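Morning, everyone. Please look at the sequence and the model on the screen, and then I will walk you through one part of it.

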Amino acid sequence: MTATSQAEQAKPNLNTASRTTERKRHMRNSSRQLNKEDEEESWSLLNNQNGNQNGNHNGNHNNVAHAQPKKKYIHQILNLPPLHKFVYICGLILFLSKTKSRCTPPKAFEVEHYEMPPGAAEIMASDDAATRIPKIIHQSYKSLETLPKEWADTPSRWKKLHPSYEYKFWSDDDNRNLIKNHYPWFLETYDSYPAPISRADAARYFAVMHYGGIYADMDVLPIRTVDPLLYKLNLPENDYKEMIIAETYNLGLTNALFASVPNSTVLDQFTKELPFHTKPLHGLEPLFPHFAVLLSAGPTLF
């Protein structure tokens, strides 16, 4: 074989090798391109996932941030010292009771609801009318001479509307003498009250228990006679009842106006419990004098 023919035979082999090399190179480039696209797509998916995770994390963080103050506030309340907890709870209860009382209208009280049959008014107005609650009006202050100007005519208004009633005015000295002479077991407790109003609160219970009758604060002014109230308690269906107690606007029952038969078992039991309530705040009375008065012998205890 000649050199020329050998060279001619080698050319196809070279051409074939060249094509194979180019094909491999193209395949490698294509593979690289695909890998690059896959990598970019993977990075894109990864970034989207990270973005979603960050978004969720931020959202959760925002939720936590919104919820955190509430949890922190509750945590702070739970970690308060006992005294602070007590004050906080008392304030919360007082706020809720005030809110409830302001949203709930008081019950209407009209003397017309206690009508008397014909002829009963004349009998009740007579001096010798027999009633379970004696026709006695009790009122109390430091002394008649020291009555404030706005209350100066209160005793005369009660007397004018109730001419057949006995009127008893109790000064501070009268109150103490009543306790000393008739209830000496309570005198030590009576003298231990730090506030004069507490002694006045306690003394009214003993005065009405001892004599029976109606007690009214000086700022309680009558507009008509209380005969229908006493008559109603005289009815046979009310034989088991001993007292008439007014309902105050925001603290339940009040000791500003009440009436009782003499030696009431209710008042007897109540007065015997008074010595156990001289320190209702367990030594914190100087810090909360108003609550101490209410809870020792005042209307809240009553």
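First, a term: buried means under 20% relative accessible area, exposed means over 50%, and partly exposed is in between, with a 1.4 Å probe and protein chains only. Of the 302 residues of this protein, 29% count as buried.

Now the ground rules. This is a predicted model, so local features need pLDDT of at least 70, side-chain atom pairs count only at pLDDT 80 or more, and totals for chains, interfaces and linings use all residues. Residues are numbered from 1 along each chain as its sequence is written, and side-chain values use heavy atoms, with hydrogens and water left out.

The protein has ten helices and five strands. Helices (H or I, at least four residues) and strands (E, at least two) are DSSP runs, numbered from the N terminus.

Let's go to helix α7, residues 196-211. Its 16 residues reach 23 Å from first C-alpha to last, close to the 22 Å expected at 1.5 Å a residue. That expected span is 1.5 Å times one less than the number of residues. Buried residues of α7 include S198, A200 and M209. Just after α7, G212 takes a positive phi of about 75°.

Find R204 in α7. Is R204 buried or exposed? R204 counts as buried because its relative accessibility is 6%. Leaving aside neighbours within four places in sequence, R204 is in contact (heavy atoms within 4.5 Å) with Y215, D217, N255, A256 and F258.

F258 leads us to E247. These two are eleven residues apart in sequence and 9.6 Å apart in space, C-alpha to C-alpha. E247 sits in strand β4, residues 243-247. E247 counts as exposed, because its relative accessibility is 52%.

Last stop: helix packing. α7 packs with helix α9, residues 265-273, at an angle of about 150°, with the axes 10 Å apart. Axes are lines fitted to C-alpha atoms, for helices over the stretch in contact, and angles run from 0 to 180 degrees between N-to-C directions. Y205, F206, V208 and M209 of α7 meet L267, D268, F270 and T271 of α9.
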